[in-house]
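Reader: I am new to this structure. Please show me how to read it.

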2 protein chains.
Amino acid sequence: MGATKLSIHTREQIEMAQFAKVFAHPARVSILQYIASQDSCICGDIVDKVGLSQPTISQHLQVINAAGLLKGSFKGKTICYCLNVEKFRQMQELFNSYFNKTVASCCNI
Amino acid sequence: MGATKLSIHTREQIEMAQFAKVFAHPARVSILQYIASQDSCICGDIVDKVGLSQPTISQHLQVINAAGLLKGSFKGKTICYCLNVEKFRQMQELFNSYFNKTVASCCNI
DNA sequence: CTTTATCATCGTAATATTGCAATATCACTT
DNA sequence: AAGTGATATTGCAATATTACGATGATAAAG
């Protein structure tokens, strides 16, 4: 065993986990910060900025992209990585909604 | 090789990742929802509710606890797992702050 | 003091993640 | 067509995570 049991969880719980996984590594937190901080979505600079090798950055970008949080043109010499702001906002809503629901009632010891 | 490089990241990025890791597994999302939904912080029922073995639930609880999100009396027959609402709110603030900062400026393609 | 119920811990197997070197790909230039 | 620069893919080693059975610890009940 070692693989996550998905069948016992709800679609919402799995979705939360998938989004959270994006931020569950400091490199990806850093990458997203950098992408958003640049008006002109520079790409290869992420490698220099974050301090990991190019293949490793590429791998992290795939994880972020798989969650639908990236947007832009992915072909050509200079690839433009942009934030998918719409998706990002949706995710923010999901987190906030979950957080607010969770903080509902609790025994106060 | 396998372990996360921590030295190249900021304290904030690492903190974000640590909190996000809590929600990066559907079982922990489910556990937190359950704990918060019960006024009386019942404990062993989590095992029945979530559908994983008792040791596995215990392991997940440790991860949540390590992030400081749990509170209560941890001794005796009936252990009372409660949400650390204060810490939870702090975390929510951290996420919201990060999200809002990140959605700042981006090329619009 | 023994039993019982409730959790935690240990040990272990299966799988996933992280990171990099080497290599491939792909578009543009010359 | 060959070269160049930028990114993706592959393959591998090291480590982390997930899950569970077995066992240990502890408090309440008998």
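Author: A residue is near a molecule or strand if one of its heavy atoms lies within 4 Å of it. By that rule, 27 residues surround DNA strand D. Among the closest are Lys5(A), Cys43(A) and Tyr81(A). The model is predicted: local features need pLDDT of at least 70, side-chain atom pairs count only at pLDDT 80 or more, and totals for chains, interfaces and linings use all residues. Residues are numbered from 1 along each chain as its sequence is written, chains are lettered from A and ligands numbered from 1 in the order in which they are written, and side-chain values use heavy atoms, without hydrogens and water.

Reader: Which part of DNA strand D is within 4 Å of the protein, sugar or phosphate or bases?

Author: Of those atoms, 65% belong to sugar or phosphate, and the rest to bases. A phosphate oxygen of DNA strand D is 3.1 Å from a polar side-chain atom of His25(B). Another case is Gly44(A): a polar backbone atom lies 3.2 Å from a phosphate oxygen.

Reader: How much area do chain B and chain A bury between them?

Author: The size of an interface is often given as the accessible area lost when the parts come together. Buried area is that loss (1.4 Å probe), summed over both parts. Here the two chains bury about 4,400 Å², 67% of it on carbon and sulfur atoms. In chain B, Tyr98(B), Phe99(B) and Val103(B) lose the most area to chain A, together 14% of what that side buries.

Reader: How many salt bridges link chain B and chain A?

Author: A salt bridge is a side-chain nitrogen of Lys or Arg within 4 Å of a carboxyl oxygen of Asp or Glu. The count between these chains is 0.

Methods
Polar contact = N/O pair within 3.5 Å; in protein donor to acceptor, adjacent residues only side chain to side chain.
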